[in-house]
Amino acid sequence: MTRRQVHLAAHFPGVNNTTVWTDPSAGSQIDFSSFEHFARTAERGFFDYLFLAEGLRLREHRGQLHDLDVAGRPNTLAILTALAAVTEHIGLVGTLNTTFNEPFELARQLGTLDQLSGGRAGWNAVTSSDAFHGANFRRGGYLDHADRYVRASEFAALSKALWSSWRDDAVVADAETGEFLRDDAITRVRHESRLFDVDAVFDVPRSPQGRPVIVQAGDSPDGRDFASTHADVIFSLHTEFADAQQFYRDVKGRLASHGRDEDSLRILPAATFVLGDTAGEARERSREIALAQVRPQTAITYLEQIWNRDLSGYDADGPLPDLEPDTGVETAQGFAGRHAAIRARVGQLREQATAENLSIRELVIRLTAKHTFVGTPEHVASEIDRYVQERATDGFTIVGHVTPHGLDEFTEKVVPLLQERGSYRRSYDEGATLHDLLGLPPVTVSAGVR
């Protein structure tokens, strides 16, 4: 029986409580040498692609920059373009916002990266509607929350139409006749709606893979519908086995109505890991790493964002606050559901903390720093393989806890074991595009849109 193949992506850790920047082996979050080391490590491990997250604004809390975000992050497309020059096979995926970009310009930038990399580009399409991010663009709060995925879906459809508007054989370049492009080389793209009015002739030819791979991370019903319509990969948060299987069935079950089959969409949840020579050693390392990830200030800040109160006087290693959250003015029209949700969330946290006898810090660790796979390399490889063979996922997006060396141990110790199981590639096929690496069907063109 043919084994299902494990697909792996490598997530360059952001400046948040995943990253332990205080670790003695930690390096820069900004220097290109960090991105290069990470990319080369992922390529040595035959990963499908590396993945960069991007935030459009540094997080703030109580009027101050959140200390975990101060280092920031250089521009995603610039990093990926530079990495294209120092790698040969691995895919290059970046997070780019559908709310604060425009389809033609973003499609042009991604199409250019796809050309320069030989068909290795990917786009993690994310949405935003809040005024906090929008303030950077002088249009804070301009987009209704309900329109997030309306805009995102039109944005993706327009981008695909632009990428597909060139024939594969559009360029003739016949020096004798002087013909460079065929007469019908490019199809004009027209789109008019409430959100977009575009009349364009695209200026970037189709890449070797047809168009960049589209990744999506939304988990709402609208997000799942967007994924089943447009996405090639879902970057999900469902890592508990039964929950992952349920998510897999739900999303894959939506594909048929869009004329797609199971293998046209890959589900790669984010997964952290901690390895040890024994299970006990791995558990102890996991505890130490979690304590470094969730420092006292981080734990208090997490609760303050839920309680909407100053909790700086509370001990992070003590019990949860006994005061009620500040939900604002409950009589404000349209906000009653939000206030009830906040109170319900606080009630859930108190129940969990009481039932498991957890301090503030221990609770926040459970919520934000619980490692997905903890154990020996053999155990971790076995679990990853089990998830894939039993259709809970198609693989994982691996997230290390140290920059830029967080992927080293996984590549050296877990990847060979997956290869021994016959579930993971031992080499890249020459000339393979990112679509090829993911085992996705070829991009087809129908009326200018796929």
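**Salt bridges, pair by pair**

Reply: Asp 250 is partly exposed, at 28% relative accessibility (partly exposed lies between buried, under 20% relative accessible area, and exposed, over 50%; 1.4 Å probe, protein chains only). The model is predicted, so local features need pLDDT of at least 70 and side-chain atom pairs pLDDT 80 or more, while totals for chains, interfaces and linings use all residues. Residues count from 1 along each chain as its sequence is written, and side-chain values use heavy atoms, without hydrogens or water.

The partner of Asp 250 is Arg 224; their closest N and O atoms are 2.8 Å apart in a salt bridge (a side-chain nitrogen of Lys or Arg within 4 Å of a carboxyl oxygen of Asp or Glu). Arg 224 sits in helix H6 (residues 221-230) and Asp 250 in helix H7 (residues 241-253), so the bridge ties together parts 26 residues apart in sequence. Helices here are DSSP runs (H or I, at least four residues), numbered from the N terminus. Arg 224 is buried, at 16%.

Next, Arg 366 pairs with Glu 356, closest N and O atoms 2.0 Å apart. Arg 366 belongs to helix H11 (residues 360-368) and Glu 356 to helix H10 (residues 336-356), so this pair ties together parts 10 residues apart in sequence. Arg 366 is partly exposed, at 40%. Glu 356 is partly exposed too, at 37%.

Glu 409 and Lys 413 meet at 3.4 Å, N to O. Both lie in helix H13 (residues 408-413), 4 residues apart, about one turn. Glu 409 is partly exposed at 22%. Lys 413 is partly exposed at 37%.

Salt bridges also link Arg 4, Lys 252, Glu 262, Asp 263, Arg 266, Arg 391 and Asp 394 in a network.

Technical notes:
Helix = DSSP H or I, 4+ residues; strand = E, 2+ residues; numbered from the N terminus.
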